[in-house]
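Visitor: I have a structure open and would like to learn how to read it. Could you walk me through some features, one at a time?

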Amino acid sequence: MRTITLIPGDGIGPEVAFAAQRLIDASGVKLDWEIQNAGAHMTDQFGTPLPKSVTASILKNGVALKGPIATPIGEGFRSVNVTLRKELDLYVNLRPVKTYQGIPSRYTGIDIVIVRENTEDLYAGIEHMIGEDAAESIKVFTRKGCERICRYAFEYAGKEGRKKVTAVHKANIMKCTDGMFLNIAREISKEYTDIEFEEMIIDAMCMRLVQSPESYDILVLPNLYGDIVSDLCAGLVGGLGFAPGANIGSNSAVFEPVHGSAPDIAGKNIANPTAMMLSGVHMLKYIGEIEAANNIEKAISYVLNEGIAKTRDLGGTFGTREFTDCVISKL
Ligand code: NAI
């Protein structure tokens with residue numbers, strides 16, 4: 001039986017992670033879950049929010065399903081999420097964004113996959129104060145980092161029958177970093193003649209995504225732009241409650257929703273578990289459990305389309321547990 005590392009996380013993490021686990025188990029797929037805890041609540045016992053056993057478990061099993069974990073702002077420990085991505089070299093952050101019938105959105109027909117670089121850029125965390133009144137943060141791009149993310153975008157496009165890859169940059173201003181990213185994207189695109197290649201400056205990209213998001217297919221972006229554009233795209237299809245994600249490396253993959261730990265609604269059984277469930281769907285596809293993945297996606301789609309079981313973010317009254325029961329009943 002395949003073993004999956006399950007990291008419930010904190011805030012709404014445990015509520016949505018256990019909802020997704022319950023749904024996956026109900027689909028009939030046989031998985032053995034290895035629960036690993038990470039987050040601020042682990043610091044007293046282990047001296048770190050990310051105990052070594054967590055990364056060891058992911059490395060052993062190769063795949064994890066993870067709830068969100070809070071990061072203190074401006075002080076305190078470094079983000080557990082960023083550390084995991086760096087330690088496991090999960091260089092791809094894959095974020096599919098799709099309109100589902102039944103989820104209120106101003107748009108129809110959006111089906112975008114964001115391929116965000118996950119280990120470099122300003123997230124390298126190389127920062128320092130210069131005296132008391134200035135601060136510096138270093139933006140790091142490497143050829144290896146740019147090559148492997150651009151290659152992944154084109155390979156993914158080919159595998160999934162996608163038509164177009166758009167490379168997003170600000171190479172007009174940052175000629176070394178973004179310039180290198182763009183040149184590498186251009187070079188790699190020449191090897192994939194059946195996939196259309198397009199380049200777009202990040203600011204124009206944001207405007208175009210709001211005006212005509214249905215014209216985009218795969219977006220490949222450096223880390224920071226990818227982070228921002230992911231939330232923008234989540235907003236286009238109904239909000240953070242519906243945006244799944246995955247962090248993928250050569251040896252392991254961690255599937256998690258785009259949203260954070262939502263401390264404002266934690267522990268109240270009102271979080272929308274859909275993004276976490278859809279992250280589970282992508283995890284099942286990744287491990288080859290295609291039938292279970294499709295069945296779960298159809299059940300979620302059915303419930304959303306029916307429009308009866310709605311969580312509070314959709315104006316409904318269904319709790320996390322009740323919504324999950326409803327999806328399970330439609331499997
Ligand atoms: P957030 O995504 O947690 O919340 C933003 C807003 O969306 C809040 O009003 C929240 O209630 C709502 N929301 C989020 N997920 C929801 C869901 N499933 N159902 C219903 N409503 C939902 O973003 P925020 O507040 O910026 O971050 C909170 C914490 O999460 C921070 O400590 C941040 O560092 C962490 N975070 C962790 C991530 C991860 O583990 N990968 C990703 C993003 C943030």
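Visitor: Where is Asp-178 found?

Guide: Helices here are DSSP runs of H or I with at least four residues, strands are runs of E with at least two, and both are numbered from the N terminus. Asp-178 sits in helix H6, which covers residues 177–189. Before we go on, this is a predicted model, where local features need pLDDT of at least 70 and side-chain atom pairs count only at pLDDT 80 or more, while totals for chains, interfaces and linings use all residues. Residues are numbered from 1 along each chain as its sequence is written, and side-chain values use heavy atoms, with hydrogens and water left out.

Visitor: Is Asp-178 buried or exposed?

Guide: Buried means under 20% relative accessible area, exposed means over 50%, and partly exposed is in between (1.4 Å probe, protein chains only). With a relative accessible area of 0%, Asp-178 is buried.

Visitor: Which residues is Asp-178 in contact with, leaving aside its neighbours within four places in sequence?

Guide: Contact means heavy atoms within 4.5 Å. For Asp-178, with those neighbours left out, the partners are Lys-139, Phe-141, His-169, Lys-170, Ala-171 and Tyr-225.

Visitor: And which side chains make a polar contact with Asp-178?

Guide: A polar contact is a pair of N or O atoms within 3.5 Å; within protein, one must be able to donate a hydrogen and the other to accept it, and residues adjacent in sequence count only if both atoms are side-chain atoms. The side chain of Asp-178 has such a contact with the side chain of Tyr-225 at 2.7 Å, and another with the side chain of Thr-177 at 3.4 Å.

Visitor: Now the ligand, please. Which residues come nearest to the ligand?

Guide: A residue is near a molecule if one of its heavy atoms lies within 4 Å of it. There are 20 residues around the ligand, and Ile-69, Thr-71, Gly-260, Ala-262 and Asn-272 come nearest. The shell divides into 10 nonpolar, six polar and four charged residues. In this count, Ala, Val, Leu, Ile, Met, Phe, Trp, Tyr, Cys and Pro are nonpolar, Asp, Glu, Lys and Arg are charged, and the others, Gly among them, are polar.

Visitor: What lies 2.9 Å from an oxygen atom of the ligand?

Guide: That is a backbone N or O atom of Thr-71. Look at the ligand's nitrogen atoms too: a polar side-chain atom of Glu-256 lies 3.2 Å from a nitrogen atom of the ligand, and one of His-259 lies 3.3 Å from a nitrogen atom of the ligand. Taken alone, the ligand exposes 810 Å², and the protein buries 68% of that. Accessible areas come from the Shrake-Rupley method with a 1.4 Å probe; for residues, only the protein chains shown count as cover.

Visitor: Which residue other than glycine has a phi near 50°?

Guide: Asp-89 has that positive value. Find Asp-89 in the loop between helix H4 (80–87) and strand E4 (92–98); the residue is partly exposed, at 28% relative accessible area. Asn-269, also not a glycine, has a positive phi of about 60°. Asn-269 lies in the loop between strand E12 (253–257) and helix H9 (274–286) and counts as buried at 15% relative accessibility.

Visitor: Finally, how many helices and strands are in the protein chain?

Guide: The protein chain has 11 helices and 12 strands. Of its 331 residues, 55% count as buried.
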